[in-house]
Amino acid sequence: MFPEYDVVVVGAGHSGCEAAVAAANMGSRVMIATMNMNTIAQMSCNPAMGGVAKGQIVREIDAMCGYSGIVTDHTMVQFRMLNRSKGPAMWSPRAQSDRMLFAAKWREMLEANPNIDFWQEMVTGIVVKDGRAVGVRTGLGLEIPAKAVILTNGTFLNGLIHIGEKQFGGGRAGERAAKGITEQLQELGFEAGRMKTGTPPRLDGRSIDWDALEEQPGDENPGKFSYSDTPAAERQIPCHIAYTSPEVHDTLKEGFDRSPMFNGRIQGLGPRYCPSIEDKIDRFAERDRHQLFVEPEGWTTCEVYVNGFSSSLPEDVQYKALRKIRGFENAKMFRPGYAIEYDFFQPTQLHPTLETRLVNNLYFAGQINGTTGYEEAGCQGLIAGINAHLSINEEDPFIVKRSEGYMGVLIDDLVNKGTKEPYRMFTSRAEYRILLRQDNADLRLTPIAQRLGMKGAEERMQRVLAKEEAAEAISKFVRQLSVEPGQLNRYLQEIGSQPMKQKMKLHSVLLRPHVHLEGLRKAVPALQEFLEGYEQEFVDLAEVNMKYEGYIDRERERVEKMNRLERVPLQDSMDYHELKSLSAEAREKLSQLRPRTLGQASRISGVSPADISVLLVHMGR
């Protein structure tokens with residue numbers, strides 16, 4: 001019934017969609033197998049993409065010719081650049097999307113790809129022959145043959161939904177859980193675990209007193225995610241901010257005896273950085289209020305998402321507590337919040353390509369690896385899709401270094417350290433974050449996409465080259481232009497900077513704190529005239545490069561030092577147990593994880609600098 005596909009992707013969430021696109025746009029014939037064609041790319045939790053560090057990931061996906069950024073730009077209802085008051089390494093784009101349009105746009109783009117087919121049915125197992133994945137088996141007993149399989153099951157593997165004392169199987173509200181895959185993988189020797197996540201109640205926006213809430217508008221000049229020619233937002237919908245109170249907390253506590261979190265019915269570990277409201281008031285008992293973000297679900301719906309009020313308490317307790325929040329006194333609830341438990345597999349069982357160590361040409365991506373978030377899932381799907389295509393075509397694997405992208409940081413963390421709770425990306429996890437900014441993801445990764453032969457990369461490279469040339473030209477002009485005190489002292493006084501006493505290069509003035517090209521161009525006609533020929537994105541890159549040049553250069557030196565270790569390969573056949581000078585923990589971890597390079601070995605938990613020195617001596621270095 002089915003031809004042999006190059007790649008079968010199981011699941012059509014954010015990870016599965018990006019995996020399918022990546023493999024298909026490199027030339028593979030791809031099948032997406034999903035339980036429900038109507039929920040492709042559904043935003044199961046909040047209707048937003050990006051955020052701190054996550055926004056950088058979306059831009060990296062886009063730079064590699066993925067679709068998440070494009071879809072977000074076409075469907076956003078609000079855009080904000082977070083952390084503008086901090087340094088550029090912390091700037092993080094975030095967009096609210098129209099939930100229904102987002103899924104519809106993703107499906108439209110997938111269906112427009114001639115290399116992608118679809119099949120709606122539950123996949124219940126992997127077909128494995130001679131230690132290699134060669135297809136999948138469905139609930140109807142059909143086999144879909146493939147040269148590689150990518151599992152992107154999200155929260156569906158033996159998913160269990162909790163609302164108070166009620167529990168029922170499901171991968172998402174109103175959808176069945178997926179059965180069979182976990183059990184088969186365990187028989188093959190994989191280690192499985194349980195994790196928990198949750199979602200808040202959805203409210204009827206018509207029943208909310210919006211005047212009682214704080215309005216949070218989008219940026220005055222909204223940006224976008226994709227480096228391609230996507231539309232900028234012409235209009236936006238505001239978000240709002242509400243707050244809990246001691247009365248709200250007391251009401252929630254009334255349901256603690258019926259909470260599956262506190263009475264032991266939930267066994268899985270939940271996300272540390274996005275806890276449920278009951279977890280927050282239990283762990284932070286000293287706080288008398290918590291902030292809630294009231295987010296629109298789209299242009300044409302009155303449904304709103306209460307970000308920060310994730311809960312698995314009984315629905316009557318959720319409802320009673322919500323109506324004690326200022327502005328929610330008459331709120332109507334569309335559906336209650338719930339917690340969901342699901343199976344995951346320790347990512348230390350993967351190679352950095354996301355191929356499993358136990359079964360060749362079988363890849364895991366997304367929440368099956370213990371991560372949380374659309375963005376983290378999407379980038380894993382992209383990497384798995386690329387490597388599945390490369391593997392079946394007997395080409396070298398593709399691994400993003402920690403110095404090349406947040407994607408590299410995430411996967412390196414997962415495969416070397418594993419995770420005991422849902423993994424979430426933060427800027428603090430990246431040691432080279434001044435190099436991994438949201439404004440330069442295309443400069444870092446689009447040349448790689450071009451080398452890989454990714455469809456669309458050639459056209460994107462033209463813009464990358466233009467951007468690099470523009471930044472260099474702007475920098476050269478600013479370094480050469482001299483300015484008189486009379487031109488700038490008024491501007492400097494306005495921003496609280498010391499006035500100039502003599503003529504100086506504009507570059508020297510730019511290096512001062514709180515001085516920006518935007519302000520300088522208004523005071524210096526020659527600069528204004530020169531910059532008029534350049535896009536704002538190009539001007540912003542030039543400014544960051546000049547103002548932070550010293551930091552950038554130092555970070556590049558650090559990268560080069562680490563790359564020396566990355567260039568030292570470790571043989572997969574090395575017997576670490578024979579190296580008695582290694583610590584016992586290092587022998588155990590190195591034998592288990594089989595790092596490919598000395599750099600990777602140095603980042604494994606339990607492997608000390610002394611152990612790295614032992615390996616260097618052993619290798620004659």
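This is a predicted model: local features need pLDDT of at least 70, side-chain atom pairs count only at pLDDT 80 or more; totals for chains, interfaces and linings use all residues.
In which strand does R202 lie? R202 lies in strand β13, residues 202-204, where strands (E, at least two residues) and helices (H or I, at least four) are DSSP runs numbered from the N terminus. Residues are numbered from 1 along each chain as its sequence is written, and side-chain values use heavy atoms, with hydrogens and water left out.

R202 is buried, with a relative accessible area of 0%; buried means under 20%, exposed over 50%, and partly exposed in between, with a 1.4 Å probe and protein chains only. The side chain of R202 meets that of E297 in a salt bridge, 3.5 Å from N to O, a term for a side-chain nitrogen of Lys or Arg within 4 Å of a carboxyl oxygen of Asp or Glu. This pair links distant parts of the chain, 95 residues apart, with E297 in the loop between β16 and β17, and E297 is also buried, at 2% relative accessibility.

Let me turn to helix α10. Its residue D412 forms a salt bridge with R603, at 2.4 Å from N to O, and R603 sits in the loop between α20 and α21, 191 residues away. Also in α10, D413 and K417 lie four residues apart, about one turn of the helix, and are joined by a salt bridge of 3.7 Å; D413 is buried at 6%, whereas K417 is partly exposed at 48%.
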